[in-house]
Amino acid sequence: MATAVSNALAIQGRVIQALMLRETKTRYGLLKLGYVWALIEPALQVGVFVAIFTLAGRESASGMPLVLFLITGITPFLAFRKSLQQVTAAVKANRQLLTFPQVTLFDLVFARLWLEAVTMVVVFILLVFFSQYLGEQVNIENLLGVCIAFLLMQLTAAGLGMLFCSLTPFLPSIHKLVNPFLGRPLFFTSGLFFTAEMLPPAVRDLLLYNPLLHLIEYLRSSFFYEFHSVYYDLGYAGAWALATFTLGIAAMTVNRDRLLNR
Amino acid sequence: MIELEHVTKTYRTRKGPHTVLDDISVHLPAGRNVGILGVNGAGKSTLLRLLSGVEKPDSGVIRNNVRLSWPLGFRGGFQGKLSGRENAKFVARIYGAEVQPFIEFVEQFSELGKFFDQPIYTYSSGMRARFAFAVSLAADFDCYLVDEATAVGDQRFKDRYRQAFEERKQRADILMVSHNPETIRRDCDMGAVLHQGKITLYDDVEEAIDAYMEINRSAKQAARLRQTKGESQDLKADS
């Protein structure tokens with residue numbers, strides 16, 4: 001029994017690894033330098049926002065240095081949004097691979113999730129080092145907290161992504177709707193450019209329904225010695241992550257046949 | 001050994017459910033080459049997809065203790081933007097095969113030359129078929145699932161394919177579906193007939209072929225009957 005389980009795990013590990021290598025190849029082109037572009041692109045995205053806000057004359061936010069304030073908001077959010085998009089389209093983009101009996105629906109999902117998460121963690125680290133090189137003081141108060149926030153955001157992205165993915169048979173273009181209808185509103189309401197404290201109370205109460213706002217507040221509270229938010233509720237965000245992830249897995253399982261046959 | 005127990009598969013159509021496999025139970029022993037005969041639309045490809053695990057049955061269990069191939073020569077699993085070499089690498093990896101010898105076999109057998117490193121979408125359909133067969137043959141299976149066994153390419157490739165296929169038959173079993181009794185007779189020593197959602201297994205392949213021919217004959221007769229009926233009705237309408 002134990003060997004059967006470890007055997008199955010070995011196969012799944014092999015499949016996910018092969019899928020990741022393959023995704024990297026298809027997505028970033030056939031050049032050896034392709035993956036470097038995967039790092040540069042999101043780094044540039046963050047860089048553009050940092051530049052805009054710096055030029056707009058904002059000095060700092062709630063005591064945090066502006067550049068790091070923006071990096072700690074935008075990077076995890078972009079990671080969330082990319083994972084959400086990638087997971088939503090996971091089956092549509094790779095259905096032909098399901099002909100290989102080893103490849104399961106969840107392999108397609110987790111290969112993409114891993115690739116995005118690993119890439120964005122590397123981007124985050126690079127950006128933090130780069131800003132330090134440019135003269136920012138980087139002292140992380142609680143690295144574990146930063147990791148937990150990032151992880152919970154990825155779990156939520158995966159859960160929502162699997163939920164949407166399982167709707168593909170009913171709504172084939174759903175992967176095109178995710179960004180305009182969910183990604184963009186969340187971009188402006190998750191605290192990328194503000195903290196909960198800076199908001200008028202009425203707006204704040206409303207936006208605190210968004211679990212991402214909690215997680216970004218928590219991430220920044222863990223990252224900076226200078227900042228400690230009283231508004232985040234880690235249990236609330238954790239419940240969201242767990243609920244969406246469980247529902248996502250269930251929805252994919254229930255819809256398995258429809259996803260395979262479409 | 002492959003075992004199906006009360007396997008049912010139904011597809012939804014616009015005109016209600018269509019049951020392709022209806023409560024099928026069958027035991028295919030190891031060491032035999034089984035040929036499954038069925039007319040077009042009898043559910044042969046569905047059966048292969050269930051066996052290779054691409055689809056799950058609505059109810060029932062499929063058990064096997066052997067390494068089953070995906071349907072031989074199947075071209076669906078490849079990514080057009082990647083080269084033949086990269087696609088072959090992917091298959092080698094997910095099957096846990098040693099990548100280097102696997103690639104070498106595919107490169108040699110498919111005879112794609114420098115196209116081996118070109119994206120697959122640039123291949124002609126003959127090249128694509130050669131590549132697909134090469135990949136299926138490079139992996140080591142206990143049982144090969146074969147759909148229609150249509151050899152492809154020019155005569156020379158057909159011969160080489162035939163030779164490689166015979167070689168695999170020495171060490172592995174074949175499970176073939178076809179509507180053509182000749183292919184089944186050539187490659188199989190055990191037969192089955194898939195008809196109206198039910199499967200009947202015959203220990204002797206010739207018995208299976210006889211039963212299959214009988215089904216075809218009665219189907220033809222029924223068609224002829226319908227036709228003459230139709231004609232007589234037309235005559236009535238004319239008069």
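This is a predicted model: local features need pLDDT of at least 70, side-chain atom pairs count only at pLDDT 80 or more; totals for chains, interfaces and linings use all residues.

1. Chain B as a whole. Chain B holds seven helices and eight strands. Its C-alpha trace spans about 70 × 45 × 35 Å along the principal axes. Of the 239 residues in chain B, 37% are buried. If you look at contacts in chain B between residues at least 6 apart in sequence, 67% of them join residues at least 24 apart.

2. The three-stranded sheet. Chain B has an open sheet in the order β2-β1-β4, with antiparallel pairing. The edges are taken by β2 (16-28) and β4 (59-64) of chain B, and each of these has a single partner strand, so one side of each lacks a neighbour in the sheet. From one strand to the next, the twist averages 25°.

3. Pairing inside that sheet. Strand β1 (residues 2-13) of chain B pairs with β2(B) in the antiparallel sense, over nine bridges.

4. A helix pair in chain A. Two packed helices are described by the angle between their axes and the distance between the axes. Here, the axes of α2 (residues 34-55) and α5 (residues 105-133) of chain A come within 9 Å and cross at roughly 55°. α2(A) and α5(A) are therefore oblique to each other. The crossing of α2(A) past α5(A) is right-handed.

5. What lies between those helices. On the α2(A) side, the contact is made by Ala38(A), Leu39(A), Pro42(A), Ala43(A) and Val46(A). α5(A) contributes Thr119(A), Met120(A), Val122(A), Val123(A), Leu126(A) and Leu127(A). By class, the residues of this contact of α2(A) with α5(A) are 10 nonpolar, one polar and no charged.

6. Where the chains meet. Chain A puts 19 residues into the contact, and chain B puts in 17 residues. On the side of chain A that touches chain B, the elements giving two or more residues are α1 (2-27) and α11 (256-261) of chain A. α1(A) gives the most to that side, with seven residues. By class, the side of chain A that touches chain B has eight nonpolar, six polar and five charged residues.

Methods: Residues are numbered from 1 along each chain as its sequence is written. Chains are lettered from A and ligands numbered from 1 in the order in which they are written. Two residues are in contact if their C-beta atoms, placed from the backbone, lie within 7 Å. Helices (H or I, at least four residues) and strands (E, at least two) are DSSP runs, numbered from the N terminus. Ala, Val, Leu, Ile, Met, Phe, Trp, Tyr, Cys and Pro count as nonpolar, Asp, Glu, Lys and Arg as charged, and the others, Gly among them, as polar. Axes are lines fitted to C-alpha atoms, for helices over the stretch in contact, and angles run from 0 to 180 degrees between N-to-C directions. Angles under 35 degrees count as roughly parallel, over 145 as roughly antiparallel, 65 to 115 as roughly perpendicular and the rest as oblique. A crossing is left-handed if the near helix is turned anticlockwise from the far one by less than a right angle, and right-handed if clockwise. Two strands pair if DSSP finds at least two bridges between them. A residue is buried if 20 or more other C-beta atoms lie within 10 Å of its own, exposed if 12 or fewer, and partly exposed in between; C-beta atoms are placed from the backbone.
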